Amino acid sequence: MPSFDPYERGCPSRDLLDQIGSKWAVLVLGELGRNGTSRFGRLRQALAGVSEKMLTQTLRTLERDGLVSRTVYPAVPPHVEYELTALGQTLREPLKALTEWSVLHIEEVITARAEYDDRTERTR
């Protein structure tokens, strides 16, 4: 069995971290984890600010990685639903922890950013 190390250049696990760590992937996975199966329009509505193109790209990437499944129902217009796969389900807890951490610590981060901006502004 090969050994994967995301700290090594060219390691496929690094590429996977880049993909699942992207803003829209985290939010898509979180939304599907919280609310289950969803249609494209509902996902787009739930993820304020995501463009149709970005949501499409994100869903395709997550589907390719085996994290999201896409089911097309024969109807006019086509009815498509997305849901987490069993593999995608394994990301629910880690992403929930990351999301909760960001909410819990955002005020500290905002303060740190303002202090940094003040320091760097004075040195210009």
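A pocket, here, is an open set of grid points with protein on both sides within 12 Å along at least five of seven lines. By that definition, the second largest pocket in this predicted model has a volume of about 160 Å³. The largest pocket has a volume of about 340 Å³.

**Second largest pocket**

- The lining consists of P12, S13, D15, L16, Q19, I20, D65, L67, L87, T90 and L91.
- Helix α1, residues 12–20, is the main contributor, giving 6 residues to this lining.
- Sorted by class, the lining has 6 nonpolar, 3 polar and 2 charged residues.

**Largest pocket**

- This pocket has 17 lining residues.
- G30, E31, R34, K96 and T99 lie nearest its centre.
- Two or more lining residues come from each of α2 and α6 (92–122).
- Helix α2 gives the most, with 7 residues.
- The lining divides into 8 nonpolar, 3 polar and 6 charged residues.

**Sheet**

- β1 is joined to β3 (residues 79–84) by 2 bridges.
- In that pairing, S38 stands opposite Y82 of β3.
- β2 is joined to β3 by 6 bridges, and these two strands also run antiparallel.
- Here Y73 stands opposite H79 of β3.

- β2 and β3 form a hairpin, with 5 residues between them.
- P77 lies in the loop between these two strands.
- In general, most peptide bonds are trans.

- Two packed helices are described by the angle between their axes and the distance between the axes.
- For α2 and α4 (residues 52–64), the angle is about 75° and the axes are 10 Å apart.
- Angles of 65 to 115 degrees count as roughly perpendicular, so α2 is roughly perpendicular to α4.
- On the α2 side, the contact is made by W24, A25, V28 and L29.
- On the α4 side, M54, L55, T58, L59 and L62 take part.
- These contact residues divide into 8 nonpolar, 1 polar and no charged.

**Where α2 takes part**

Definitions and conventions. Residues are numbered from 1 along each chain as its sequence is written. This is a predicted model: local features need pLDDT of at least 70, side-chain atom pairs count only at pLDDT 80 or more; totals for chains, interfaces and linings use all residues. Side-chain values use heavy atoms; hydrogens and water are left out. Two strands pair if DSSP finds at least two bridges between them. Helices (H or I, at least four residues) and strands (E, at least two) are DSSP runs, numbered from the N terminus. Axes are lines fitted to C-alpha atoms, for helices over the stretch in contact, and angles run from 0 to 180 degrees between N-to-C directions. Angles under 35 degrees count as roughly parallel, over 145 as roughly antiparallel, 65 to 115 as roughly perpendicular and the rest as oblique. Contact means heavy atoms within 4.5 Å. Ala, Val, Leu, Ile, Met, Phe, Trp, Tyr, Cys and Pro count as nonpolar, Asp, Glu, Lys and Arg as charged, and the others, Gly among them, as polar. On a 1 Å grid over the protein atoms alone, a cavity is a set of points where a 1.4 Å probe fits but cannot get out, and a pocket is an open set with protein on both sides within 12 Å along at least five of seven lines; lining residues have an atom within 4 Å of a point. Grid points are joined across faces, edges and corners, and a volume is the space filled by probe spheres set on the points.
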